[in-house]
Amino acid sequence: MSRVLDVVGLTKDYPKFKLDEVTFSVEKGSIMGLIGRNGAGKTTTIKAILNLTHRSSGKICYFGMPLEGHENEIKQRIGYTAGAVDYYKKKKIRDILAITKGFYSAWDESAWQRFMRQFELDEDKSPSQLSEGMKVKLNLAMALSHGAEILILDEPTSGLDPISRDELLDIFRMLAREGTAILFSTHIISDLDKCADEITYIQRGRVAATGKKQAWLEQCRRKGYGDNLEEIMIHLEKEARYEAFAGERV
Amino acid sequence: MKHLLVKECKLAASPLSYLFLAFALMTLIPGYPILMGSFFICFGLFHSLQSARENNDLLFTILLPVSKAEVVKAKFAFAVLIQLSAFLLCLLLTLLRVTLLKGAGVYTGNAMMNANQAFLAYQLLIFALCNRLLYTGFFRTGYGFTRPFLAFGIAAFAVIAVTEALHHVPGLAWLNATDTMHDGAQWLILAMGLLVYLLVTFCACRRAVRLFEKVDL
């Protein structure tokens with residue numbers, strides 16, 4: 001499979017937090033789960049790879065092109081959505097769309113119509129009239145209609161009921177089958193148990209593990225860390241806390 | 001840039017930015033500090049910044065295939081569009097006052113500022129301050145506009161107070177003349193006002209681009 005996103009040595013220094021040498025890659029048609037507890041650095045990582053936040057060092061490449069110097073070209077081919085964010089709450093979707101599509105050279109109107117039907121969205125509604133799940137679907141429909149080859153999703157299932165979450169996970173699986181790469185940050189680990197192919201686990205700003213989910217799960221099971229992602233993560237977090245505590249005492 | 005400006009006008013702007021253009025009509029009010037209209041027009045622009053923040057406009061725009069610099073330039077372009085529309089309205093009303101209405105009693109006996117070319121130059125000065133203090137200040141953080149607006153408000157009221165007092169200074173009464181259509185000095189002041197506006201706005205935009213480049217969203 002070809003690589004869609006490469007993150008190498010991504011570092012961001014804050015006065016009280018450091019995202020330290022984060023390295024991972026996402027392949028075409030795969031779902032990469034970015035996991036970690038609150039404050040581990042998931043959102044900082046996502047913001048840095050979207051160039052919303054300046055990185056202290058490191059390299060980010062999409063489709064083999066470095067982000068620097070190719071930002072507009074890359075943005076034509078990526079999509080982003082965050083669960084809690086909605087844009088132009090009181091404007092009709094039709095009006096938001098009319099403006100948005102003008103920015104994308106590969107905008108596909110028939111795909112937009114298809115996603116509107118598939119996601120049961122109404123163009124005459126405004127984002128403020130949509131449920132949280134529908135807002136995520138709206139952002140997905142917009143991203144997919146401009147031909148996004150990678151979707152970067154920051155906590156897209158936060159605040160959703162279990163049925164809406166399950167519905168979205170089905171959509172992610174369908175998109176991955178069609179070749180879209182998905183980078184999906186969440187602290188709802190059970191979501192990734194259901195749909196992720198690969199995992200990048202961030203712990204206190206550092207990558208604790210990255211690679212195929214199944215292989216990592218097997219490895220952790222053999223070590224007796226737990227049977228599923230959630231148990232394994234809790235085990236590893238506790239271990240890290242004890243180590244930090246022991247380090248402080250020494 | 002065309003798409004971005006359309007986005008500014010149709011999605012990001014507050015309706016108040018357009019409605020407050022009606023404050024240009026204050027140009028016709030006698031016995032009133034008519035320069036206040038310029039402050040209110042900028043207050044309409046402040047509402048657009050507020051609306052943009054509430055609607056996550058900057059995040060939405062930055063994720064489009066455009067650069068950060070273009071995002072800033074589009075916001076300035078919108079401000080200039082509103083300001084020049086207001087200026088055009090005020091120019092027409094001022095021309096009415098210095099031609100057809102130049103002898104009207106309410107204006108010849110007006111103790112406050114009259115609408116003439118100097119008034120238009122002062123208006124451009126207030127617009128320039130809006131761009132430099134409010135807009136550039138906003139792009140320092142990408143979300144904070146309270147301090148920039150306060151700074152602009154203080155500066156704008158200082159300009160209004162000084163310019164209202166200026167024509168009472170001995171020798172400067174000509175600044176408040178009503179029949180100024182053929183007054184070369186008045187036209188010169190307007191040309192200087194336009195030059196200052198364009199220069200300050202250009203520099204403010206460049207500085208805002210530099211500041212916004214450093215912002216982590």
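This is a predicted model: local features need pLDDT of at least 70, side-chain atom pairs count only at pLDDT 80 or more; totals for chains, interfaces and linings use all residues.
**Entry 1: two helices in chain B**

I began with helix 1 of chain B, residues 2-12, and helix 5 of chain B, residues 68-98. Their axes come within 9 Å of each other. The crossing angle is roughly 65°. I then looked up the hand of this crossing, and it is right-handed.

Which residues make the contact? From helix 1 of chain B I noted B:Leu4, B:Leu5, B:Lys7, B:Glu8, B:Cys9 and B:Ala12. From helix 5 of chain B I noted B:Glu70, B:Val71, B:Ala74, B:Lys75, B:Ala77, B:Phe78 and B:Leu81. I sorted them by class. Nine are nonpolar and four are charged. No polar residue takes part in this contact.

**Entry 2: aromatic rings**

A pair of aromatic rings is described by the distance of the centres and the angle of the planes.

**Entry 3: arginines over rings**

Next I looked for charges lying over ring faces. A:Arg77 lies over the face of A:Phe63, at 3.8 Å from the ring centre. A:Arg114 does this with A:Phe115, at 4.8 Å from the ring centre.

**Entry 4: positive phi**

Most residues other than glycine have a negative phi. I looked up two residues with a positive one. A:Glu155 is not a glycine, yet its phi is about 50°. I traced A:Glu155 to the loop between strand 7 (150-154) and helix 6 (162-177) of chain A. Its relative accessibility is 14%, so A:Glu155 counts as buried. The cut-off for buried is under 20%.

A:Arg204 also has a positive phi, near 50°. A:Arg204 is in the loop between strand 9 and strand 10 (206-212) of chain A. Is A:Arg204 buried or exposed? I put it down as exposed because its relative accessible area is 54%. Exposed needs over 50%.

**Entry 5: A:Ser30**

I found A:Ser30 in the loop between strand 2 (18-27) and strand 3 (31-35) of chain A. A:Ser30 counts as buried because its relative accessibility is 2%. What does A:Ser30 contact, leaving aside neighbours within four places in sequence? I listed A:Thr180, A:Ala181, A:Ile182, A:Asp197 and A:Glu198.

**Entry 6: B:Phe138**

B:Phe138 lies in helix 7 of chain B, residues 117-141. Its relative accessibility is 1%, so B:Phe138 counts as buried. Not counting residues up to four places away in sequence, B:Phe138 touches B:Leu49, B:Leu58, B:Tyr143, B:Gly144, B:Phe145 and B:Pro148. I also took the distance from B:Phe138 to B:Phe212. C-alpha to C-alpha, they are 9.0 Å apart in space. In sequence they are 74 residues apart.

**Entry 7: A:Lys16**

Where is A:Lys16 found? The answer is the loop between strand 1 (3-13) and strand 2 of chain A. A:Lys16 has a relative accessible area of 85%, so I noted it as exposed. From A:Lys16 to A:Leu121 I counted 105 residues in sequence. In space they are 42 Å apart, C-alpha to C-alpha.

Notes:
Residues are numbered from 1 along each chain as its sequence is written. Chains are lettered from A and ligands numbered from 1 in the order in which they are written. Side-chain values use heavy atoms; hydrogens and water are left out. Axes are lines fitted to C-alpha atoms, for helices over the stretch in contact, and angles run from 0 to 180 degrees between N-to-C directions. Helices (H or I, at least four residues) and strands (E, at least two) are DSSP runs, numbered from the N terminus. A crossing is left-handed if the near helix is turned anticlockwise from the far one by less than a right angle, and right-handed if clockwise. Contact means heavy atoms within 4.5 Å. Ala, Val, Leu, Ile, Met, Phe, Trp, Tyr, Cys and Pro count as nonpolar, Asp, Glu, Lys and Arg as charged, and the others, Gly among them, as polar. A charge sits over a ring if NZ of Lys or CZ of Arg is within 6 Å of the ring centre and within 35 degrees of the ring normal. Buried means under 20% relative accessible area, exposed over 50%, partly exposed in between (1.4 Å probe, protein chains only).
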